[in-house]
Every structure is written in C-alpha cells, then in structure tokens.
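Please read them alongside the coordinates.

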Amino acid sequence: MKKAMFILNPSSGKERAADYRVDVQFTLEQMGYTVDTRETEKKGDATHFAREACEKKYEFVVAMGGDGTINEAVTGLAEQSHQPLFSLIPLGTVNDFARALGISLDPGEAIEALMTGTEKKVDIAKVGKQYFMNILAIGQIAESTYEVSAEQKTRLGAFAYFIEGLKAVTSDAETYFQIEHDHGSWEGDAKLVLVALTNSVGGFEKLAPEALTDDGLLHLYIVKNAALPAFIRIAGALLIGRLEKDPAVEVIHTTRVKINTSNPLSCNIDGDEGCLTPFEIEVMPRHIRALIPPELQE
C-alpha cells in the first residue's frame, strides 16, 4: 500500500489538533494510504519527520499546524532526491501558505479537500541553510514580531502582530541597506524590506497581488520611509492591493537577491526568527509537489 506521513503540532490552533487527528487519519486511509502519524514536541521535529518520509520514499506528507510547523515540514522536503506529494491542514494564527494555495482555513473543509485535490508544483526560496514559502522580512518591524507571545497569539490572533508592528513604526529607527538583484542594485535607508513568494503575507492576501505560487520570482518590497502618517497611507494601499503604487515603496521582481545592512540584522522567516545579514536569497522554482483544491489548478 501507499504510505503517508501525517505530521501534527499538538499545540497549534488553541490545541485543536487532537480534535482533527482522527479525521485526517481516516481520510488518508480512505485515499488508500497506510498512515504513519508523528507529533512534534520541539522545534525542528517536523523537519526531521518530513526528511525521514523522503528517505523512506513515502508517497504523501500532510502537516497540520501553523506557518511555523508548515515551514519546518517544507524544509524537510526541500532538495531531497525523493519528493513526496505535500499538503497541509491550517491551524495557526495567520496560515499564509494555506491562503496562497487556496486551501480552506476551516480545518474540516481542508481535510475533506484532500480527497479531491490535484497536484501543482510550487516555488520555495532558500536563504543560507533555511527555506521559506511565504515571506522573509528585515527591519525593526519584523524584529518586533518576536515580542508576540504564544498567549497574545491565542488571545488576539493576527492583531497581536499589528500591535507590535505599530510600536516599531512609531520609532525613528531606520537601517541602511545594500541590495543586489537581477536588474542592478539599490542602496539607502529603509524601515522594512519584505521578500515575498506568495500573495498572502501576515494574512493580507493583497500585499503582492501579482505574486503567483509558481512564477519563479521573489517579490521585493522596500519601505523607504514609514513614519506614522506614511504607515497609515501604506496600510491603506496594502489593503486594496496597491502597495506597488505608494511613493515610499520600492518594488523589485527578481530570481535572486543579496542583502547587506549597516549593522547585522536578524530576519523573520515565515514568522520565526531567521539568520543575520548579510545573506543571499534564491528562488527554487516549482520545487514542492503541493496538493491544492481542484478549482485552483491551472
């Protein structure tokens, strides 16, 4: 029989994973798989489990949890000689990758959709030894998200990130960036640099409306001046999908980017703390075999 590995984070979604565990296992069995269920206990477990599924040539990997768990699972699949089909059941605060793939944010509906999904190869990106599927952010606003506690995320959801980000925006801190890309280079002071792979960032599904999950591009947004009045204007542009038109935002579409800063600065990768600048980011086109709802398959 075909083998599927089901990776779940029991603490995700206000600890709702246990409520859906049996449903996922039953659905996979109905699809003809023998199911190997693994629970994460610490950071890095999902990566280890997904990599094991590749090494043992499992046909399917399903991860259930928030963006952090999904990122870990994708990291385990990246650059492996055997690439299982991959899907996810969203249980996090934001669930950007699920949004980008058109997977329902209702776990029950996402589980049902496994039965009818179709395969699509989607992009991921590599920075150093890490990978991401949605967003890499650099700047004080990005660093402020580390201040969001698990309790705040449970109580306030995505609004918790907004509160911490607002604190950072009202400060005067800017960073000098040196950025090299396919078309040249950019240098200057900026509040925030975003490198997006998908249209959904932080739950905002119109931040990069032109970004496709398989376009082979990094979508770079440089927020040059975001004092509070400018931030309010930029926030409005973000909500209606016109961030590229804002005069304080520089936009670059590229397949690779090198980023350096005046002082080493930590980046935020898919919501978690990443490496320090300087570093290089490269897109890995159509690298993951994702199972998506059939109505979104081109």
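1. Two strands are taken as paired if DSSP finds at least two bridges between them, and helices (H or I, at least four residues) and strands (E, at least two) are DSSP runs numbered from the N terminus. In β4, the bridge partner of F60 is L85, and six bridges join β3 to strand β4 (residues 85-90), the two running parallel.

2. The model is predicted, so local features need pLDDT of at least 70 and side-chain atom pairs count only at pLDDT 80 or more, whereas totals for chains, interfaces and linings use all residues. Residues are numbered from 1 along each chain as its sequence is written, and side-chain values use heavy atoms, with hydrogens and water left out.

3. On its other pairing, β3 is joined by five bridges to strand β1 (residues 2-8), again in parallel, and M5 has V61 as its bridge partner in β3.

4. Y33 and F60 form an aromatic pair (ring centres within 6.5 Å; planes under 30 degrees apart are stacked, over 60 edge-to-face and the rest tilted), which is tilted at 5.4 Å centre to centre and 40° between the planes. Because Y33 lies in strand β2 (residues 33-39) and F60 in strand β3 (residues 60-65), the pair ties together parts that are 27 residues apart in sequence.

Technical notes. Rings of Phe, Tyr and Trp (its six-membered ring) pair if their centres lie within 6.5 Å; planes under 30 degrees apart count as stacked, over 60 as edge-to-face and the rest as tilted.
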